[in-house]
Amino acid sequence: MIRNFPWWRRASEHIQSLVFGEAWPANLASRTWTNRLRVWHERVALRKPLGTADRLRIAFASDFHAGPLTPLASTTAACEALNAEKPDCILLGGDFVSLAPRHATRLRESLSSLRAPLGVFAVLGNHDHWAGAAAVRAVLEESGISLLTNRSHRLPPPFERTLLVGLDDHLSGHPDPSGPDWDPACATVLLIHQPSGLLDTGGHSFDLALAGHTHGGQINLPGGFAPIVPKGALSRRYLAGRYSLHCDRHLLVSVGLGNSGLPIRLGPVPEIVVC
C-alpha cells in the first residue's frame, strides 16, 4: 500500500486522467504563460570548507510533473537552462510525473541531455510514488541520473569534504535517516522533495537543504495568499524562497516547473535554482 494515497486521492487522480486526457490542457497552457522560465541565482555561504575548493556551483530543479497538465516544452527549456548554467552538479527534487508512470518516458530525452562534471542526482516525490515509482526510477537510471534515495554521496576532490544526502519523500515514500553515511565534519547538502523532509533527518546535521513540492502555491491571490498548498507539515511555513534555519543552516524552496491539479499557474513562475 502506498503511503498517504487514500481512495479519494486515487479517485481524484483517475478523474483528472479522464478529464484532461493526454495533452490538450498543456497545449493550451503553452500558448499563454508557460514559455516563461526564471533562473533564480542564490549565493550561500557555508560554515564548513568544501574541500580544497572554495566554491561549488549547484543547479536544482523540481516538480517536472510530466503529463497532460505541463507542456513538454517547459521540461526541455528547464534542462537546457540547467546545462547552460554550467554547474558542478545538478540536483533534481522529484515529482517527475503527475498522473501516470508512462508519462516518465516523455522526460527521457531531456533528462538524458543533462551534463555536470560531478554528476546528476535525484530523489523521488509523492506523485512519483503514487503514479508508479518503479517506472520513474527506470527512466532516471536510463538517463544516467543517480538516485539518492536514503543514500549519501561524497564528492571527489577538490570537494572532498562535501557530502550530498538524499531522503525519500516525507508523504508517500519511506525516508530513512539511517541509510546515508552522515558526517558532521562535511559540508552537507540535503536533497529532499518537500520542506517537510526536514523532519526526517533523525537529528543529523546538514548545512544546505534544497526542496520543492509546494509550487509556491501555484495559484496566488492578490496580496500573495495561496489558498491551496500541497499537503505537508511544513509546506505553508516554507512556501517558497530562502529560509535561515537554526544552527546556521539554510533552506531553498523552489516553486518548481510543472503543474498539479490544474494546467495553470497564477503568480509563481516556473524556475530552476542555481546556488
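This is a predicted model: local features need pLDDT of at least 70, side-chain atom pairs count only at pLDDT 80 or more; totals for chains, interfaces and linings use all residues.
**Exercise 1.** Which residue forms a salt bridge with glutamate 271, and where do the two partners lie?

Solution. 
- Let us start with the idea behind the search: side chains of opposite charge can pair when their charged atoms come close.
- Glutamate 271 pairs with arginine 38, and their closest N and O atoms are 2.7 Å apart.
- This pair links distant parts of the chain, with glutamate 271 in strand E12 and arginine 38 in strand E1, 233 residues apart.
- Now look at accessibility: glutamate 271 has a relative accessible area of 2%, and buried means under 20%, so glutamate 271 is buried.
- Arginine 38 has a relative accessible area of 41% and is partly exposed.

**Exercise 2.** Find the salt-bridge partner of arginine 47, and then the network that this pair belongs to.

Solution. 
- The partner is aspartate 207, with 3.9 Å between the closest N and O atoms.
- A salt bridge is counted within 4 Å, so the 3.9 Å of this pair qualifies.
- Arginine 47 sits in the loop between E1 and strand E2, while aspartate 207 sits in the loop between strands E8 and E9; they are 160 residues apart.
- Aspartate 207 is buried at 1% relative accessible area, whereas arginine 47 is partly exposed at 45%.
- Finally, salt bridges with shared partners join Arg47, Lys48 and Asp207 into one network.

**Exercise 3.** Describe the salt bridge between aspartate 183 and arginine 154, and say which parts of the chain it ties together.

Solution. 
- The closest N and O atoms of aspartate 183 and arginine 154 are 3.1 Å apart.
- Aspartate 183 lies in the loop between strand E7 and E8, and arginine 154 lies in strand E6, so the pair ties together parts 29 residues apart in sequence.
- Aspartate 183 is partly exposed, at 23%, and arginine 154 is partly exposed too, at 42%.

**Exercise 4.** Locate proline 227 and list its contacts beyond its neighbours within four places in sequence.

Solution. 
- Proline 227 is found in the loop between E9 and strand E10.
- With a relative accessible area of 38%, proline 227 is partly exposed.
- Its contacts, leaving aside those sequence neighbours, are Ile219, Leu221 and Arg236.

Conventions
Residues are numbered from 1 along each chain as its sequence is written. Side-chain values use heavy atoms; hydrogens and water are left out. A salt bridge is a side-chain nitrogen of Lys or Arg within 4 Å of a carboxyl oxygen of Asp or Glu. Helices (H or I, at least four residues) and strands (E, at least two) are DSSP runs, numbered from the N terminus. Buried means under 20% relative accessible area, exposed over 50%, partly exposed in between (1.4 Å probe, protein chains only). Contact means heavy atoms within 4.5 Å.
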